[in-house]
Amino acid sequence: MISIVNKLTKYGVKIPNMDILLSCIRSTSTSTRIDTVGVIGLGLMGHGICQVAAVSGNHSSVIAFDSRKESLDRGRKNIESSILKMVSKGKISEEDANRNLKSIVYTTEISDVANVDLVVEAVIENMDLKRKWFQKLNDICKPETIFASNTSSLSITELAEASNRPELFLGLHFFNPVQMMRLVEVVYTKHTNTDTFDKAFNWVKSIDKEAVKCGDTPGFIVNRLLVPSLMQAMQMLDRRDATINDIDLSLKLGAGHPMGPLHLADYIGLDTCYYIVKGWSERYPQEPSFVVPHCLKEKVRYQHFGRKSGKGFYQWYGEKRGEPVN
Ligand SMILES: NC(=O)c1ccc[n+]([C@@H]2O[C@H](COP(=O)([O-])OP(=O)(O)OC[C@H]3O[C@@H](n4cnc5c(N)ncnc54)[C@H](O)[C@@H]3O)[C@@H](O)[C@H]2O)c1
């Protein structure tokens, strides 16, 4: 209902007493609705998740938490400038933008998420750290709060068990940049109850994303298919089967991919690729597609992380890709 109202206003339909109407809809909705959301970690992913939740107009508040003041301030700046850009491009009205921005509460106090209906965790990719945060959240949050992790590569089951509320736990895997990428993988474990899954799945749709359902398999759907294919391309380099340029050109022109696998790996970050596949290969040594290619290990050893460090499989000049580095 709220998204219908938002769409009408987006297309210029004037609705009198909009704030009163929205609050009536919220108060008459059933308990299956997620009214308040907390986002833990306001980095690259977390600020995007906060923004799309706020822009959906579906929530009475979105609590944006980061334990580090500088990350919180950076996340806030990114959200504000991105929403202002949406206004200047005519994607949302100034009135909606102001209402959306007002619905976000920025905080470094974890106790401020105590009463939210859904927590989405987006701190750095570290199992011990995430486990600690979920244990803390379990102590703080109301018993019915649903917990979700945005992890790309860690086991949702392991996090769920650490949280002490495994039946209310699932993965919500957004893609970067969150504002642009439509997909969210909704990941269930053997513990996740149906009600939790359905609420989270419907929440994803309510914030204008496309939801897909997936079991707790390493990499879920997208990365399980994508990461091994990047590793295969790197192994081709290790074996000197083909050059960087020819591998990338082949997948672009022969398979219709928007960019080649080595170009994409530079874009994702070679350190990120390395830690994902290293973790998987240690956890699943019997899986032949989880291998760490020699060239990847070497690039990471010399801190050639791709686009973000200026050098990877290619030279990078800011956002511009240069010549291949052999
Ligand atoms: N970057 C991607 O493309 C991408 C895509 C999908 C999922 N993810 C996942 O999202 C999560 C966040 O990734 P990101 O790229 O936004 O990372 P990021 O480095 O941009 O942000 C991480 C956040 O964690 C916070 N943080 C750092 N150390 C902390 C600590 N000790 N305690 C609490 N908070 C701490 C930082 O302040 C920051 O806000 C990871 O689990 C990652 O796997 C990333």
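How many residues does helix H4 (residues 69-88) have, and how far does helix H4 reach from its first C-alpha to its last?

Analyst: Keep in mind that this is a predicted model. Helix H4 runs over residues 69-88 and has 20 residues. From its first C-alpha to its last, H4 reaches 29 Å. That is close to the 28 Å expected at 1.5 Å a residue.

Now look at its two sides. Leu72, Gly75, Ile79 and Ile83 are the buried residues of H4. Seen down the helix axis, these buried residues fall within an arc of 65°, so they line one face of H4. An α-helix has 3.6 residues a turn, so residues three or four places apart point the same way. The other side of H4 carries exposed residues: Glu70, Lys77, Ser81, Lys85 and Ser88.

What covers the buried face? Just after H4 comes Gly90, with a positive phi of about 75°.

Cys50 belongs to the largest nonpolar core, which has 51 residues. Val39, Cys50 and Val119 are the residues with the most contacts inside that core. H3 gives the most to this core, with six residues. There is also a second, separate core of 25 residues. Among its residues are Val227, Met231, Val300 and Tyr314.

H3 turns up again around the ligand. The largest share of the shell around the ligand, three residues, comes from H3. There are 21 residues around the ligand. Gly43, Leu44, Met45, Ser71 and Asn176 come nearest. By type, the shell divides into nine nonpolar, nine polar and three charged residues.

The peptide bond from Asn176 to Pro177 is cis, with omega near -5°. Pro177 lies in the loop between S6 and strand S7 (183-188). Strand S6 (residues 169-174) holds Leu170. Leu170 counts as buried because it has 27 C-beta neighbours inside 10 Å. Leu170 and Val187 are 17 residues apart along the chain, yet their C-alpha atoms are separated by 5.6 Å. Val187 is also one of the residues in contact with Leu170, leaving aside neighbours within four places in sequence. Others include Ala148, Ile156, Phe197 and Ala200.

H10 has 12 residues. It reaches 16 Å from its first C-alpha to its last, close to the 16 Å expected at 1.5 Å a residue. Ile244, Ile247 and Asp248 are buried in H10. They cover an arc of only 95° around the axis, which puts them on the same side of H10. The face turned away from that buried side carries the exposed residues Asp246, Leu253 and Gly254. The buried residues of H10 pack against helix H9 (222-238), helix H11 (261-268) and strand S10 (320-324). H10 is followed by Gly256, and the phi of Gly256 is positive, near 75°.

Positive phi also occurs in residues other than glycine. Phe220 has a positive phi of about 55°. Phe220 is found in the loop between strand S8 (210-215) and H9. Phe220 counts as buried because it has 21 C-beta neighbours inside 10 Å. Arg240 has a positive phi near 60°. Arg240 sits in the loop between H9 and H10. With 7 C-beta neighbours inside 10 Å, Arg240 counts as exposed.

One last stop is Pro293, in the loop between helix H12 (270-283) and helix H13 (294-301). Pro293 is buried, with 21 other C-beta atoms within 10 Å. Not counting residues up to four places away in sequence, Pro293 touches Met231, Met234, Gln235 and Asp238. Pro293 and Leu230 are 63 residues apart in sequence and 9.9 Å apart in space, C-alpha to C-alpha.

Notes:
Residues numbered from 1 in each chain as written. Predicted model: local features only at pLDDT ≥ 70, side-chain atom pairs only at ≥ 80, totals over all residues. Helix = DSSP H or I, 4+ residues; strand = E, 2+ residues; numbered from the N terminus. Expected span 1.5 Å × (residues − 1). Buried ≥ 20, exposed ≤ 12 C-beta atoms within 10 Å, placed from the backbone. Arc of directions from axis to C-beta. Near = placed C-beta within 6 Å. Nonpolar A, V, L, I, M, F, W, Y, C, P; charged D, E, K, R; others polar. Core = buried A, V, L, I, M, F, W, Y, C linked by C-beta atoms within 7 Å. Contact = placed C-beta atoms within 7 Å.
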